[in-house]
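Welcome, and thanks for opening this model. Please have a viewer ready, and we will walk from the whole chain down to single residues.

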Amino acid sequence: MLINLLVGGPEAVLPSGFYEWAQTQPNWVGADQGAVRLLAHGITPCLAVGDFDSSTAQEIAMVQQQIKRTVIDPQKDDITDTEMALRYIRHYFPRVTQVNIFGATGARMDQLLANLLFVLKPEFEYFLDKVKLYDRNNTVSFYRPGQYTLVKEQGMKYLAFVPLTPVQGLELPDEKYRLPKTDFLLPISLSSNEFIGDKGHFTFSRGVVAVIQSCD
């Protein structure tokens with residue numbers, strides 16, 4: 001089951017034509033202001049989650065009235081709205097196979113880092129290879145050890161490989177800038193690489209790697 005999740009980041013960095021496209025897609029979940037924005041564009045999420053601290057009383061009432069499953073938790077147990085949404089997505093939709101996350105980037109750096117690093121938390125390790133983050137200029141995917149084929153997304157020029165943990169044996173055999181099997185002890189961004197064709201490959205034997213496709 002595919003779930004689309006909209007969180008409350010700046011709308012300016014959402015993919016071009018986002019709401020028109022979103023109206024054609026099923027299974028939306030709104031986190032905090034994401035739920036409010038979906039309703040404002042005629043999309044009724046199957047779940048709304050968050051502390052809603054940036055929403056008005058009228059907006060909260062609208063969410064509670066129009067969305068069948070609504071979880072409002074002002075405390076949140078020291079987790080982000082994105083993490084809280086994933087917690088309840090797994091609870092209500094245990095057969096979820098992929099979560100596409102929108103609105104998770106763009107403004108505050110602390111929130112961006114939280115949305116990039118949550119896959120390292122034990123509770124959310126389940127989602128590590130099931131989530132993708134999308135904005136106007138980037139797509140971020142997360143990988144466990146293995147061999148992978150990447151397909152170049154339309155409009156994306158750049159390709160980055162980001163070890164988020166100590167990584168063993170990372171190899172880039174056919175990208176513009178090749179890398180023989182290399183170990184990394186600390187997080188690092190191997191940025192500004194590119195595809196040589198429509199596909200590229202990479203492999204590694206230990207750790208967690210984020211892959212980012214980007215355009216200017």
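The report below covers the overall fold and then a handful of residues.

This is a predicted model, in which local features need pLDDT of at least 70 and side-chain atom pairs count only at pLDDT 80 or more, while totals for chains, interfaces and linings use all residues. Residues are numbered from 1 along each chain as its sequence is written, and side-chain values use heavy atoms, with hydrogens and water left out.

**The chain as a whole**

Let us begin with secondary structure: the protein chain has five helices and 14 strands (DSSP runs numbered from the N terminus, with helices being H or I of at least four residues and strands E of at least two). Its radius of gyration is 18 Å, close to the 17 Å from the globule rule for 216 residues, so the chain is as compact as a globular protein of that length. Here the radius is taken over C-alpha atoms, and the rule is 2.2 Å times the number of residues to the power 0.38. Along the principal axes, the C-alpha atoms fill a box of roughly 55 × 35 × 30 Å.

Of the 216 residues, 45% count as buried; buried means under 20% relative accessible area, exposed over 50%, and partly exposed in between, using a 1.4 Å probe and protein chains only. Charged side chains number 20 positive and 24 negative, with the centres of the two sets 6 Å apart. Lys and Arg count as positive and Asp and Glu as negative, leaving out His and the chain ends.

**Residues to look at**

| Residue | Relative accessible area | Class |
|---|---|---|
| Thr-165 | 18% | buried |
| Gln-213 | 6% | buried |
| Phe-127 | 1% | buried |
| Asn-27 | 29% | partly exposed |
| Phe-52 | 2% | buried |

Gln-213 belongs to strand β14 (residues 209-214). Its side chain reaches the backbone oxygen of Val-151 at 3.1 Å and the backbone nitrogen of Glu-153 at 2.9 Å. Beyond residues up to four places away in sequence, Gln-213 touches several others, among them Asn-137, Met-156, Tyr-158 and Phe-195.

Thr-165 sits in the loop between β9 (158-163) and β10 (167-172). A polar atom of the Thr-165 side chain lies 3.0 Å from the backbone nitrogen of Val-208. Setting aside residues up to four places away in sequence, Thr-165 touches Leu-120, Phe-184, Gly-207 and Val-208.

Phe-127 is placed in the loop between α5 (109-117) and β6 (131-134). Apart from neighbours within four places in sequence, Phe-127 is in contact with Leu-86, Arg-90, Val-96 and Val-99. The C-alpha atoms of Phe-127 and Arg-87 are separated by 10.0 Å, and the two residues are 40 apart along the chain.

Finally, a look at backbone angles. Asn-27, in the loop between α1 (18-22) and β2 (28-31), has a positive phi of about 60° although it is not a glycine. Phe-52, in the loop between β3 (47-50) and α3 (57-66), has a positive phi of about 55°, and it is not a glycine either.

Definitions and conventions:
Charge placed at Lys NZ, Arg CZ, Asp CG, Glu CD. Polar contact = N/O pair within 3.5 Å; in protein donor to acceptor, adjacent residues only side chain to side chain. Contact = heavy atoms within 4.5 Å.
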